[in-house]
Amino acid sequence: MKKVLLWMGIGAGALLLIAFIALSVMAGSPRDAVYMVRYALPHMHRGNLKVGDAAPDAKLFALNGSDTFHVCERTSGKPLVLVFGSFT
Amino acid sequence: MQIFDDYKERADFLTIYVREAHPTDEWQMKSNVKEDVCYAQPRNLSDRLAIANDFTKRYHYPLPFGVDGMNNAANDAYAAWPERLYIIDESGKIAYRGGMGPFHYDPAEVRSWLASRYGEVKHPEAKPAQGDTPKSQNPPTAAPASKS
């Protein structure tokens, strides 16, 4: 029984190591892998929207900070391409 | 940017600026330092607006622009972070849903959708399959680009 547990532990450790190496390769370095898990993965979501769903609305701020508008105000007559992103 | 130039008469475009992907106080990339794009994660709207303004000014960004509020409503509604593309049709429905950035952020799919509806715009002198918009760290070509 003790031997089985030992080998299970070794197996789990090996899997974790392989996963970490794979993540490091994907992210660029071990540091990036750690930061990806800590800072990126909690914010990354596939979401539930599907093609054909009603587009959600949201209030947005103009660059001057004082004017606001809604996404739905921009959907009329033409398709609307939404480009989400940030500077960094 | 090229997609915008090619189809701006046929489609509307809106860039939505969401929370930073690689701020200095989270997962900063070496490329951020190299490109001198070093900002902490904004904690209030004025900080977020300041970065958005820096971005548009630095790259003379021509697309219509909106900034997500600090409640991240747009981000949450569209599962947008760190970068993502959608097309909403004239009836207000999702016509195209891009994959999660950066790995599945593919402006070429947006171009294909627009081309299938309005016809292809050819650029003989341009390199093919550039996608026009950045997958990462190439803001001038379209999106506020998260440098993942």
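Reader: Ala79(B) first. Why does this residue count as partly exposed?
Author: Because Ala79(B) has 18 other C-beta atoms within 10 Å. A residue with 20 or more other C-beta atoms within 10 Å of its own is buried, one with 12 or fewer is exposed, and partly exposed is in between; the C-beta atoms are placed from the backbone.

Reader: What are the ground rules for this model?
Author: The model is predicted: local features need pLDDT of at least 70, side-chain atom pairs count only at pLDDT 80 or more, and totals for chains, interfaces and linings use all residues. Residues are numbered from 1 along each chain as its sequence is written, while chains are lettered from A and ligands numbered from 1 in the order in which they are written.

Reader: Back to Ala79(B). What is its phi?
Author: Near 45 degrees, a positive value in a residue other than glycine. Ala79(B) lies in the loop between helix 4 and strand 3 of chain B. Helices (H or I, at least four residues) and strands (E, at least two) are DSSP runs, numbered from the N terminus.

Reader: And Asn72(B), what is its phi?
Author: Near 55 degrees, again positive in a residue other than glycine. Asn72(B) is in the loop between strand 2 and helix 4 of chain B. It counts as partly exposed because it has 15 C-beta neighbours inside 10 Å.

Reader: Now peptide bonds. Which way is Trp81(B) to Pro82(B), cis or trans?
Author: Cis, with omega near 0 degrees. Pro82(B) is in the loop between helix 4 (73–78) and strand 3 of chain B.

Reader: What about Gly101(B) to Pro102(B), cis or trans?
Author: Cis, with omega near -5 degrees. Pro102(B) lies in the loop between strand 4 (94–97) and helix 5 (107–118) of chain B. As background, most peptide bonds are trans, and most residues other than glycine have a negative phi.

Reader: Switching to the interface. How many residues are in contact?
Author: 41 residues of chain A are in contact with 65 residues of chain B. Contact means that the C-beta atoms, placed from the backbone, lie within 7 Å.

Reader: Which element of chain A gives the most to that side?
Author: Strand 3 of chain A, with 6 residues. The residues on the side of chain A that touches chain B divide into 25 nonpolar, 10 polar and 6 charged. Ala, Val, Leu, Ile, Met, Phe, Trp, Tyr, Cys and Pro count as nonpolar, Asp, Glu, Lys and Arg as charged, and the others, Gly among them, as polar.

Reader: How does strand 3 of chain A pair with strand 1 of chain B, parallel or antiparallel?
Author: Parallel, over 6 bridges. Strands pair if DSSP finds at least two bridges between them. Leu14(B) is the bridge partner of Leu82(A).

Reader: And with strand 3 of chain B, parallel or antiparallel?
Author: Antiparallel, with 5 bridges. There, Val83(A) stands opposite Leu85(B).

Reader: Strand 1 of chain B: how many of its residues are buried?
Author: 5 of 6, so-called mostly covered. This strand also pairs with strand 2 of chain B in the parallel sense, over 3 bridges.

Reader: Last one, the core. Which residues touch the most other members?
Author: Val81(A), Leu82(A), Ile16(B) and Ala74(B), out of 39 residues in the largest nonpolar core. Strand 3 (residues 80–85) of chain A gives the most to this core, with 5 residues. Such a core is a set of buried Ala, Val, Leu, Ile, Met, Phe, Trp, Tyr and Cys residues joined through C-beta atoms within 7 Å.

Note on methods
Contact = placed C-beta atoms within 7 Å.
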